[in-house]
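User: Can you walk me through reading a domain interface in a model like this one?

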Amino acid sequence: MTSWKARVPAALVVPNSLGDSLPLHMTPPPDSLVSPVDSSFLEGASSLARFGLDIGGTLCKVVFFEPIITAEIQAPAPSETPKSRFSRESFEDDNVVAPSVEPDDASNSNGSHENEIWSDGKKDFSMFKSSKPTPKGVNKGGERSKREHSRQLDRKMWNSSHDPVHIPGRGTLYFKCFETWKMEEFLALTKEHSLVKKGRALGATGGGARKFKDHFEQIAGLQLERADELYSLVRGIDFLARHAHQESFEYPAGSFRGGAIQRPLKEISDDEYELQAERRASSSTSSQDRSKSNEDMNGTEALRRVVKGPVLATSDIERLGGPQDLYPYLVVNIGSGVSILRVDAAERFERVGGTSLGGSTFLGLTSALTNCTTFEEAINLAREGDSTQIDMLVGDIYGGDYTEMGLAATTVASSFGKLVQPGRREAAMQTPQHLSKAVLLMVTNNIGSIAMLHARAAGVHQIMFTGSFLHENELAMRLLAVAMEFWSKGNIKAVFLRHEGHAGAMGALLSTLDPLNPIDKLLLDAS
Ligand SMILES: Nc1ncnc2c1ncn2[C@@H]1O[C@H](COP(=O)(O)OP(=O)(O)OP(=O)(O)O)[C@@H](O)[C@H]1O
Ligand SMILES: CC(C)(CO)[C@@H](O)C(=O)NCCC(=O)O
């Protein structure tokens, strides 16, 4: 297997200029509820904080490391010369900006600010950590409640669902995100809050790290140190799986039985499957035989794909250990689109495929069909939906199971297939929940199907599903877990990440660290 470096074309590692396309012309989607980027996002961030950004097609993910400065690396008082590698000055030489918010009590018993500035727990980071949106001027009239509503959604997204990760003796990682179309606002805030001292590089990945490179430089005075997005993803998964407590998890095998999975109506053994495959290979190539062979293959495959409708399962999940438990594995990153990688070892991977039917397909189609405006709304609708009102099932076609081919009556035969029937479309438009659920099933099942084929082709037994599409998306995760378990007869399992969308930003943060810098070493030595 070739390492990523050999496979990334030069254009991916050489920063690309946007030429004179500045200034930014980014407008929010017309129907969207406009919620400003929360400025408390940046207020109170430590001058020593390290940031990693993953600027994707839909979301910009941010990982923020707040180091613990222990006695060993604490700066000496100014009188203590000569300047050491660990002194405040040396940090500043390294382009760390002076804190924008001084501690309440600006001096300590040594007459120095150092301890309060550098010691953990003295400086007030609460605004950043809690990520409570700072109240801002509210638009007149009905805009107010819309904004409030939207803020609540943002708050949930930024606040409650992504727990910080404490790395003992080193510091804490925080996880945030905002929609990429708010980049202009983010850049203005970045400048306002002196996120990083001018000239210091900021670790960034994702398509936006290339697209917005010049904007960062010209608007915020920040240089982006770009890392390849899939390299960052793999590196970030590795780091998080190793360091974040109970980061990766799976649904225990068999937890969906007795409700989730219907036994195939006609079970075939692996031997029989192989036999049929051999027969197919040696069969005549006449067009008639070929089409019969295809039918047979589809039917045989179908036997392995009988997954029943609503997923009923225990909410228990099994926590896994570090990445050593995973290699080799497939990563299926469900972002706006989907990338599929085979990972053989730390930093050794290959992009083996992808699909454009991803998270933004779910959100885009759902919003077109239901007028919902946020991901959270779309997911909440789907939770209450009944997709059998929208999808054409095997039972709708056969009047029951298609026994010969092992297709249960409840299997979706054609996503959205019922809408062609008279009156159905009009009825469906009144039930956004059903529509949203049908879109979610369609996109998720399609991804699961492609993932399974790639897992088989790559000969792996574990698939790590990541990407913000899975954010608080229990329905999709369970569907994927059921599908992988069922189709592989338990040989291939689905694994998930608690910080599902932030692995890329984590990897970008790691890429920008300098092994000679004592703060950076805190994280690098841990990795
Ligand atoms: N608050 C949110 N706003 C918009 N989409 C969200 C939100 N939360 C989760 N999502 C889902 O996450 C998807 C984006 O995932 P992610 O951030 O991993 O991808 P991306 O980096 O923006 O895209 P890509 O990697 O393809 O450039 C969206 O398409 C949507 O399905
Ligand atoms: C283009 C990227 C890599 C950007 O993250 C992603 O959206 C993706 O993998 N899309 C699917 C492209 C494909 O069809 O393979």
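Analyst: Let's take confidence, then the domain interface. This is a predicted model, where local features need pLDDT of at least 70, side-chain atom pairs count only at pLDDT 80 or more, and totals for chains, interfaces and linings use all residues. Residues are numbered from 1 along each chain as its sequence is written, and side-chain values use heavy atoms, leaving out hydrogens and water.

User: What does the protein chain average in pLDDT?

Analyst: pLDDT is the predictor's confidence in each residue, from 0 to 100. The protein chain averages 71, and 58% of the residues score at least 70. Where pLDDT is low, the predicted coordinates should not be read in detail.

User: Which domains is the protein chain divided into?

Analyst: Bounds come from an automatic or database domain assignment. Domain 1 covers 50–70 + 155–246 + 506–525, and domain 2 covers 248–254 + 299–497. Across the boundary, 19 residues of domain 1 are in contact with 25 residues of domain 2.

User: How much area do domain 1 and domain 2 bury between them?

Analyst: The size of an interface is often given as the accessible area lost when the parts come together. Here that is about 1,900 Å², 64% of it on carbon and sulfur atoms, using a 1.4 Å probe and summing over both parts. In domain 1, Val 234, Ile 237 and Gln 246 lose the most area to domain 2, together 30% of what that side buries.

User: How many salt bridges does the rule find across the interface?

Analyst: The rule wants a side-chain nitrogen of Lys or Arg within 4 Å of a carboxyl oxygen of Asp or Glu. One turns up across the interface of domain 1 and domain 2. Glu 347 also forms a salt bridge with Arg 235, with the closest N and O atoms 3.6 Å apart.

Key:
Chains are lettered from A and ligands numbered from 1 in the order in which they are written. Contact means heavy atoms within 4.5 Å. Buried area is the accessible area (1.4 Å probe) that two parts lose on being put together, summed over both.
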